[in-house]
Amino acid sequence: MEDKTIKELKNENRLLRNQVNKIQGQFEDKIAELSLIRELGTTLFHVSSFEKACQIILEVIIKNTIAQNCSIMLIDKEKKELFLVCASDPKKNNFVLGAGQLFSRQGLNYCFKHGEGAAGQAILEKRPVLIHDTKKSPVFNSRSKSRVRLGSLLSVPLIVENEVFGVINLSHADSNVFEKNDIHLFNIVANFVAISIHNTINYEKLMSSESKYRALSENSNDGIAIIQGDMHMYANAKYREITRYSMKELETIPFETLSAKPETWNSSQHAGACPCDGFKNRSFEIRMVSSKGEKVEVDINSSEIIYNGKPAIIISVRDISERKNLERQLQRAQKMEALGTLAGGVAHDLNNTLGAIVGYPDLLLDDIPDDSPLR
């Protein structure tokens, strides 16, 4: 009786131990999942580079999950096809597409169309697609030769604001590796990845756009400045050249102090024709006073914009001093030409008159005798 009780106790202890081990294993799995999510979130939080974000995603997922390989594909909306932006393999040879190539769309590796393969189906249906065994699955389709062996595959769509823009693929060389429980984890991972990829792409676009406009502005033959509250917020190299002030100096100088007094402006312009006085979205001419006291005649185009969330004015300033000088020279030449024409006309008329005055006495002399006192 006692032996039976001891056996029962041992059996119960064994079952209890197994249950505790099982719970402990599940607990450790949850801790591992939370660690993965925490590491992914903290490392991606301050990353603004698209390439660096892709690199971090690949490294963190391969290091902390059962997946041997990871890849991310994005949608080309015009072609309605997926192209590869980053991928890893068991040898840790990562491929990451450069941001420049992403925007130029040159030399992209297109993989699947909408609805084609696990990735295409995940995007089309906006849900994860799990393939336990790629050899037996009718869904699995590889249009191009993969550098890695695929036994199991899980494709999860990348969604931001209910719009699918890509997919993350997790794979393993063996079949039946991923379980349904993994779908929940990788759904959470996909949310982090989607936000990070989406934000870094927008940031890279913004930086690229800013770089282009800065290059255009800094190399422009016209002075460009942003005026807010009558103060200079930005001035390009040409504007600084015209005003002879540095950017640091311009930040403390109101625009109005750079313009000559209204009576010195072109008479055809309105008094107060100044961007800071509400003369917006117009073209006008004024004389600007440089730091050396020189008066520079300029043509200004002004437009309203929003700068740092507040109304401002962007002005394009063109130095027209040389043109104005040539115009004045032309006007003087035209005046001289007019005077020459007038003088020539007067001389011609006077010559005609003098010709008559000189000719008539000769005619009269012919009719007057030689001994006449009239001669």
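Visitor: How many bridges join strand S5 to S6, and do the two run parallel or antiparallel?
Guide: This is a predicted model, and within it strand S5 covers residues 129–131, while S6 covers residues 152–160.

Visitor: How many bridges join S6 to strand S7, and how many residues lie between the two in their hairpin?
Guide: S6 and strand S7 (residues 163–172) run antiparallel and are joined by nine bridges, with Leu 158 and Gly 166 as one of the partnered pairs. The turn of the hairpin includes Glu 161, which has a positive phi of about 55 degrees. Between S6 and S7 the number of residues is two.

Visitor: Is strand S6 mostly covered or mostly open, and how many of its residues are buried?
Guide: A residue counts as buried when its relative accessible area is under 20%. By that criterion S6 is mostly covered, and of its nine residues the number buried is eight.

Visitor: Which strands do the buried residues of helix H4 pack against?
Guide: Helix H4 spans residues 117–125 and is mostly covered, with seven of its nine residues buried. The buried residues are Gly 117, Ala 118, Ala 119, Gly 120, Gln 121, Ala 122 and Ile 123. After H4 comes Lys 126, whose phi is positive, near 55 degrees. The strands against which the buried residues of H4 pack are S1 (69–76), S2, S4, S5, S6 and S7.

Visitor: Is Cys 111 buried or exposed?
Guide: The relative accessibility of Cys 111 is 8%, and the cut-off for a buried residue is under 20%. Cys 111 therefore counts as buried.

Visitor: How are the rings of Phe 83 and Tyr 110 arranged?
Guide: A search of the whole structure finds two aromatic pairs. In the pair formed by Phe 83 and Tyr 110, the ring centres are 6.0 Å apart and the planes stand at 70 degrees, so the arrangement is edge-to-face. Because Phe 83 lies in strand S2 (residues 81–87) and Tyr 110 in strand S4 (residues 110–113), the pair ties together parts that are 27 residues apart in sequence. Both residues are buried, and the name for their arrangement is edge-to-face.

Visitor: What is the angle between the planes of Phe 178 and Phe 186?
Guide: Phe 178 counts as buried because its relative accessibility is 2%, and Phe 186 counts as buried because its relative accessibility is 2%. Their rings form an aromatic pair that is edge-to-face, with 6.2 Å from centre to centre, and the angle between the planes is 85 degrees.

Visitor: Which residues does Ser 217 touch, not counting residues up to four places away in sequence?
Guide: Ser 217 has its place in helix H5, residues 180–218. With a relative accessible area of 9%, Ser 217 is buried. Not counting residues up to four places away in sequence, the residues that Ser 217 touches are Ile 224, Tyr 234 and Asn 236.

Visitor: How far apart in space are Tyr 307 and Gln 228, C-alpha to C-alpha?
Guide: Tyr 307 belongs to strand S11 (residues 295–307) and is partly exposed, with a relative accessible area of 24%. Leaving aside neighbours within four places in sequence, Tyr 307 is in contact with Ile 226, Gln 228, Met 233 and Ala 312. Tyr 307 and Gln 228 are 79 residues apart in sequence, whereas their C-alpha separation in space is 8.0 Å.

Visitor: Which element of the chain has the lowest mean pLDDT?
Guide: The chain averages a pLDDT of 81, and 83% of the residues score at least 70. Over residues 263–275 the pLDDT is below 50, although this stretch has 31 contacts in the model beyond near neighbours in sequence. Among the elements, the highest mean, 94, belongs to S7, and the lowest, 63, belongs to helix H1.

Notes: Residues numbered from 1 in each chain as written. Predicted model: local features only at pLDDT ≥ 70, side-chain atom pairs only at ≥ 80, totals over all residues. Heavy atoms only, no water. Buried < 20%, exposed > 50% of the residue type's maximum accessible area, 1.4 Å probe, protein only. Helix = DSSP H or I, 4+ residues; strand = E, 2+ residues; numbered from the N terminus. Pairing = 2+ DSSP bridges. pLDDT = per-residue confidence, 0-100. Contact = heavy atoms within 4.5 Å. Phe/Tyr/Trp six-rings, centres within 6.5 Å; stacked < 30°, edge-to-face > 60°.
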